[in-house]
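Biologist: Walk me through this model, please. I want to learn how to read its features.

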Amino acid sequence: MTPTQETITFDEAVRFISTEADCLDHRDYAGWLDLWADDGIYVVPIDHDADDFAATLNYAYDDKAMRRMRVARLTSGESTSARDASTTLRSLSRFRLLGDESATELQIRCAQHLVEYRHDNFRTYAANVTYRLRRDSQGLRLVEKVVRLINSADALAGMSFLP
Amino acid sequence: MTTHDLDSLVLPDRVHASLYRDPDIFEEELDRIFNRCWVWVAHESQILKAGDFVTTHVGRQPVIVNRDRKGEIRVMVNRCRHRGATVCEARHGNAAGFVCPYHAWTYGQDGSLRGVPLPKGYKNFDKSDYGLVGLRVERYAGLIFATFNHDIEPLDSWLGRARPWIDLFMKQGGGFPVKTMGEHRFTFPGNWKIQLENTTDAYHFPIVHKSFLTSLDDATEDLFSFMDSGGYVEALGNGHSVMVMIPELVDLEENLDADIPERFAAIADDLRRDYPEQQVRRIVRAIGGSGFNLNLFPNLACSMAFFRVLRPLAVDKTEIRHIAIGMDGGPEIANRARLRLHEHFQGPMGFGTPDDAAVWERVQRGSAGTAEPAWIMLNRGEDKTAANAGDVTSETGMRAAYQMWKRMMTA
């Protein structure tokens, strides 16, 4: 099928997701917020099998207001852990389209390997990440991002970054 | 460790930093405190049906907490009586029994040894001698405690004056039984007592949790700005204490006629379709939790709207669980609101927990060296007078916990 104005191609989606990752690693949080649709939800679940995130306890379940509050906290200088924030470097690979490239909303999954550095410590966070993207008049927008850390059920350390 | 040493390390108004860093003291703590106290292991709602179990720890010892087919709640050492393997590694589930993966020794829900493959070659082997080792178990208001110490006083008297506070805490069921709703688990590189102190430390709240307070709406920020709002700390005996931050939220069944806060107005409107007005108010008032932290020595706090459970992993490493609670059979909208409130503050991505963990880690780092004096000061609120009887920032609860610590370590 020939891509139309409304559809999102695989390559376009991968470029968009790479930009999102770059924003987070470089703490361009204002740029990150702009990537989201107004009704977008950012989720870091605890339970791998959960799909009704609203009815479940998560590490993060952020609508637009909560994302803005989260960014404010990370950048305000009021939070000890955020002032002393980790540096992160993430690699994304193993992209796979879930569903149909011709759809106007596209779902794509990838592997994320994130290295955190803080206080002489390197930590790695491996995750399956699922994105749902939609096109609006401004371009692509993030409708849902779900970060399933493979060790999400373990005891984690405080995160002063966004996975 | 001699009594004399501890006398010099734990004074009424201060403790020595070696309590955070001395591995010998840590080993003694596991033996003298965690193996001899009543230790909280689970909430009844986690094991409602016959066969339901959770696995957890008492000190270093892995244990299984389950409900057998007769409804009895048991806590059993999670260790096969043959060669010592754990017989269950799932964190929770439902099981008719437990089978050791090594040689398939098979245990019933009650821990009795039911079967041994190839039962030959043993001299005088009686299966009844080889059941899973049981701990003593008692309950109060849904809280399940266990102990290796068969001589300890009954749980009711151990909890003593903490019991009415537990009753008050459970009112956040809003007329429904309290149930657990998942948990955040995290570790921090520091001693467990740093966290034990923190649940009765209001003094840090406006400093460490400034970014949390900023994120709240004005009315809620006022509610959490409790430095001068009539709060107080009270020692309750046996190392337990209560810190009341928001006096008007001590009893959630009082003041039901008060105005519903703006942030809960939409939820109240929704609830009015299904519940009469008084019940709506009771539920709404319960959503935010209680206005106090109840610290139960040594490992549980009933902290405003959740259970805080600590587990010492090493002298400088501690695991903490923040267990979300809600209304069993209560309205979904109220329970979802509680989940979102829990996520807002708690856990490795919360607006509160990572900042707590960061400063606790700093305490451990600062306490690593041996430069003297190395006192951890607990003397706030010692000037208690009639005019200053109720300061929420007083370190009364910490002093009480350390006196209990000393009592157990020297018993």
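Biologist: Which residue stands opposite Leu11(B) in β2(B)?

Modeller: Start with the rule: two strands pair if DSSP finds at least two bridges between them. Strands are DSSP runs (E, at least two residues) and helices are runs of H or I with at least four, both numbered from the N terminus. Here, Arg14(B) in β2(B) stands opposite Leu11(B). β1(B) and β2 (residues 14-16) of chain B run antiparallel, joined by 2 bridges.

Biologist: Before we go on, how should I read the numbering and the confidence?

Modeller: Residues are numbered from 1 along each chain as its sequence is written, while chains are lettered from A and ligands numbered from 1 in the order in which they are written. This is a predicted model: local features need pLDDT of at least 70, side-chain atom pairs count only at pLDDT 80 or more, and totals for chains, interfaces and linings use all residues. pLDDT is the predictor's confidence in each residue, from 0 to 100. Chain B averages 95, and 98% of its residues score at least 70. For the complex, the predictor gives an ipTM of 0.93 and a pTM of 0.95.

Biologist: What is the strand order in the open sheet that holds β1 of chain B?

Modeller: The order is β1-β2-β20 (chain B), with antiparallel pairing. β1 (10-11) and β20 (375-377) of chain B each have a single partner strand, so one side of each lacks a neighbour in the sheet.

Biologist: Now a hairpin. Which residue takes a positive phi in the hairpin of β11(B) and β12(B)?

Modeller: Ala141(B) does, near 50°; the hairpin has 2 residues between its strands. Its antiparallel strands, β11 (residues 136-140) and β12 (residues 143-147) of chain B, are joined by 5 bridges. Arg139(B) stands opposite Ile144(B) in β12(B).

Biologist: How do I read a core?

Modeller: A nonpolar core is a set of buried Ala, Val, Leu, Ile, Met, Phe, Trp, Tyr and Cys residues joined through C-beta atoms within 7 Å. Buried means 20 or more other C-beta atoms within 10 Å of a residue's own; exposed means 12 or fewer; partly exposed is in between, with C-beta atoms placed from the backbone. The largest core here has 123 residues, and Val39(B), Phe145(B) and Leu294(B) are among those with the most contacts inside it. Helix α14 (residues 396-409) of chain B gives the most, 7 residues. Apart from this core lies another, of 12 residues, including Ile283(B) and Ala337(B).

Biologist: Is Thr104(A) buried, exposed or partly exposed?

Modeller: Thr104(A) counts as partly exposed, because it has 13 C-beta neighbours inside 10 Å. Thr104(A) is in the loop between β3 (87-98) and β4 (105-118) of chain A.

Biologist: How many residues does each chain give to the contact?

Modeller: Two residues are in contact if their C-beta atoms, placed from the backbone, lie within 7 Å. Chain A gives 25 residues and chain B gives 28. On the chain A side, the largest share, 4 residues, comes from β2(A).
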